[in-house]
Amino acid sequence: MCGIVGRVNADRERAVAPEPMASALELMAHRGPDGEGLYFHENAALGHRRLAILDRAGGAEPMANEARTVWVAFNGEIYNHLALRAQLEAKGHRFATRSDTEAIVHGYEEWGDEVLGRLRGIFAIALWDGRRHRLLLARDRLGVKPVYWTLAGGDLLFASEAKALFAFDEVRREINGERLVDYLALRYVPGPQTLFKGIERLQPGHRLVFEDGAAHLAQFWDVPVEASYLEARPCDAVEESEALTQLILEAVRLRLMAEVPVGLFLSGGIDSTAVGWAMRQAAPSSLKSFAVGYEGDSEGELAWARKAAEALGTEHREVLVDCALFRDSLAKLAWHLDEPISDGACIPLMQLAKRARDEVVVVLSGEGADEVLAGYPIYARMLLMERARAVGGRSLERALAVAGRGARHPKLRRYLDLARRPLPERYLGVGRAFDDALVARHFGPRALKGLFERLEPLWRRTQGAHPLHRMLYNDTKVWLPDDLLLKADKTTMAWAVELRVPFLDHELLESAWSLPPQLKLKGTVGKHLLRMSMAGKIPEGILRRKKKGFPVPLTRWLRAELYEPCRERLLASGSVSRGILGAAAIEGLLEEHRSGRVDRREELYALWLLEEWHEAFLTGGRRELLERARERRGDIGRPAWLQAASGT
């Protein structure tokens with residue numbers, strides 16, 4: 001993995017200044033400690049920070065074709081690059097390196113933009129075609145690798161991280177007030193917009209072409225929703241489980257491609273344990289696994305991870321996160337995330353990556369299995385509401401309205417209210433911070449209307465599909481790239497660790513979309529087919545274990561050790577939270593939480609992280625921004641494995 005940055009001026013006669021490009025690369029130095037490169041051509045420039053994984057000696061970027069007319073800066077991995085290389089060599093292309101990047105260069109020469117559909121991997125690609133004065137910017141199908149872009153005075157600027165764009169004087173640092181409610185409601189901002197005004201994320205499976213001073217966006221891939229309509233086809237569960245096993249084995253085998261040590265993030269759940277099992281089949285030599293837990297819960301998550309590690313025979317490492325470490329990591333987290341994502345698992349993941357970097361550079365994880373194979377408990381609850389609505393009709397809606405008005409507990413009121421609504425007005429994804437009632441209280445009854453309207457095209461795309469598949473589609477298009485994958489990229493790349501996610505191999509996902517709902521969700525148990533696939537391969541206890549997200553004890557911490565620090569931060573003079581909600585409302589949230597009447601951990605943490613983000617990016621000038629980068633950059637250095645190998 002790496003970091004890319006670039007600029008194309010609309011005026012062909014105006015060259016790109018080198019100083020801001022160099023500063024942008026410095027702001028992303030943590031993404032690529034192994035080298036950097038810059039390329040300038042008339043009105044265009046590409047920059048690259050390198051984390052060397054393949055062809056460590058010869059894969060420097062930006063990389064060009066033989067004629068030096070096509071240049072590429074690339075962040076990601078192309079797992080089928082050897083197969084593409086064979087095809088391209090047969091057509092007369094000559095390769096100068098062993099890097100997967102060169103397959104993109106020659107692939108573009110041969111197939112143009114259609115090369116994107118031939119790539120099996122994860123990528124953010126910036127390709128400059130000097131003959132046509134044309135930039136191609138593309139993001140992988142599922143959004144594993146991020147890329148941000150903006151237009152400033154008609155010029156296009158882009159980077160792997162939003163902070164790098166602030167190296168350019170034309171890019172202003174302003175909060176996007178229109179998306180503030182989105183963040184507070186969901187814990188993140190759904191793409192393409194961000195919480196930075198004027199800066200967007202390129203959407204997964206999309207490309208952007210900048211030519212003749214104009215930017216053109218187009219989609220080159222989408223989740224194969226049509227495959228889900230084949231629910232009535234004959235389907236043998238045993239055969240499908242065996243097919244899934246083979247797909248997992250292939251996806252994992254491809255992701256072991258590296259010239260550096262590879263490890264495993266192991267949670268003790270079925271997803272990461274399945275990945276570990278597949279790694280064992282492909283590479284039976286030593287395997288290092290890394291797990292994270294929190295102080296005081298050594299028999300919880302870490303105990304399950306130990307069971308998995310023992311079964312897999314890994315060299316196992318553990319990281320403990322306590323309350324003080326969590327608090328002290330907030331500023332660095334806000335810096336590396338670029339945009340606030342108030343998911344409590346971010347800090348444990350960042351600390352896990354820091355520990356892993358001591359011994360490996362690449363890690364595999366089980367991320368994505370829940371979105372591909374229906375693992376979240378919320379799906380069963382939503383389907384139960386769907387069935388109740390189908391039977392009860394208007395009478396049920398009226399009864400629920402009456403019951404909701406009489407319910408005292410906020411969570412019960414919320415579920416009674418949700419059950420009255422149709423699925424597209426009820427389901428906003430897996431994670432929430434401010435619930436609908438709280439949003440309405442502080443921002444008005446129609447505050448979420450804009451969010452529902454922006455998500456409406458996704459629901460329209462799945463019109464007529466099974467409700468489970470409709471939710472899976474929305475989560476794959478929004479929750480997955482805008483929360484889970486974004487936090488995974490930023491927290492691991494903070495320490496120059498490359499994260500690979502076999503369950504998000506697009507061929508595995510496309511196969512899963514043809515499966516009927518009952519093979520994904522059986523009763524209230526998710527990932528039914530995966531459990532069949534792994535039967536007899538991983539421990540029975542892990543196989544039957546219910547889905548459980550990483551249980552950071554924020555509820556307890558925010559009632560005890562973190563209460564005063566949080567209160568002080570949110571109620572400080574001039575705080576963003578006071579400006580948004582007012583001191584009385586914040587006092588109310590704090591007191592509700594401390595008294596135990598209502599669990600407000602999500603709301604309080606969302607506000608706290610917003611404060612840290614605002615201080616990191618919206619205060620001070622560009623010099624202060626570079627100083628913060630140096631202060632908060634991960635101290636990566638030379639990993640222990642490399643020191644041992646070189647004898648230093």
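Reader: Which residues does leucine 38 touch, not counting residues up to four places away in sequence?
Author: This is a predicted model, numbered from 1 along each chain as its sequence is written, where local features need pLDDT of at least 70, side-chain atom pairs count only at pLDDT 80 or more, and totals for chains, interfaces and linings use all residues. Side-chain values use heavy atoms, with hydrogens and water left out. Contact means heavy atoms within 4.5 Å. With residues up to four places away set aside, leucine 38 touches Met21, Leu25, Leu46, Gly47 and Pro62.

Reader: Is leucine 38 buried, partly exposed or exposed?
Author: Leucine 38 lies in strand β2 (residues 36-41). Strands (E, at least two residues) and helices (H or I, at least four) are DSSP runs, numbered from the N terminus. Buried means under 20% relative accessible area, exposed over 50% and partly exposed in between, with a 1.4 Å probe and protein chains only. At 36% relative accessibility, leucine 38 is therefore partly exposed.

Reader: How many Å apart in space are leucine 38 and threonine 273?
Author: In sequence, they are 235 residues apart. From C-alpha to C-alpha, the distance is 41 Å.

Reader: How many salt bridges does a search of the whole structure find?
Author: The criterion is a side-chain nitrogen of Lys or Arg within 4 Å of a carboxyl oxygen of Asp or Glu. Searching the whole structure gives a count of 59.

Reader: Which residue meets arginine 120 in a salt bridge?
Author: The N to O distance is 3.3 Å, and the partner is glutamate 250. This pair links distant parts of the chain, 130 residues apart: a loop between α3 (101-111) and β6 (121-129), and helix α6 (residues 237-254). Arginine 120 is buried because its relative accessibility is 8%.

Reader: Which residue forms a salt bridge with arginine 131?
Author: Arginine 131 has 53% relative accessibility, so it counts as exposed. The closest N and O atoms are 3.4 Å apart, and the partner is aspartate 129.

Reader: How many residues apart are arginine 461 and glutamate 226?
Author: Their side chains meet in a salt bridge of 3.0 Å, N to O. Arginine 461 sits in helix α17 (residues 449-461), and glutamate 226 in the loop between β12 (214-219) and α6; the separation is 235 residues.

Reader: What is the relative accessibility of aspartate 338?
Author: Aspartate 338 is in the loop between α10 (330-337) and α11 (346-356). Leaving aside neighbours within four places in sequence, its contacts include Tyr148, Glu161, Lys163 and Lys490. Aspartate 338 counts as buried, because its relative accessibility is 0%.

Reader: Is helix α2 parallel or oblique to α3?
Author: Two packed helices are described by the angle between their axes and the distance between the axes. Axes are lines fitted to C-alpha atoms, for helices over the stretch in contact, and angles run from 0 to 180 degrees between N-to-C directions. Helix α2 (residues 81-90) and α3 pack at about 45°, with axes 10 Å apart. Under 35 degrees is roughly parallel, over 145 roughly antiparallel, 65 to 115 roughly perpendicular and the rest oblique, so α2 to α3 is oblique.

Reader: Which residues of α3 meet α2?
Author: From α2, the residues in contact are His81, Leu84, Gln87 and Leu88. On the α3 side, they are Ala103, His106, Gly107, Glu110 and Trp111.
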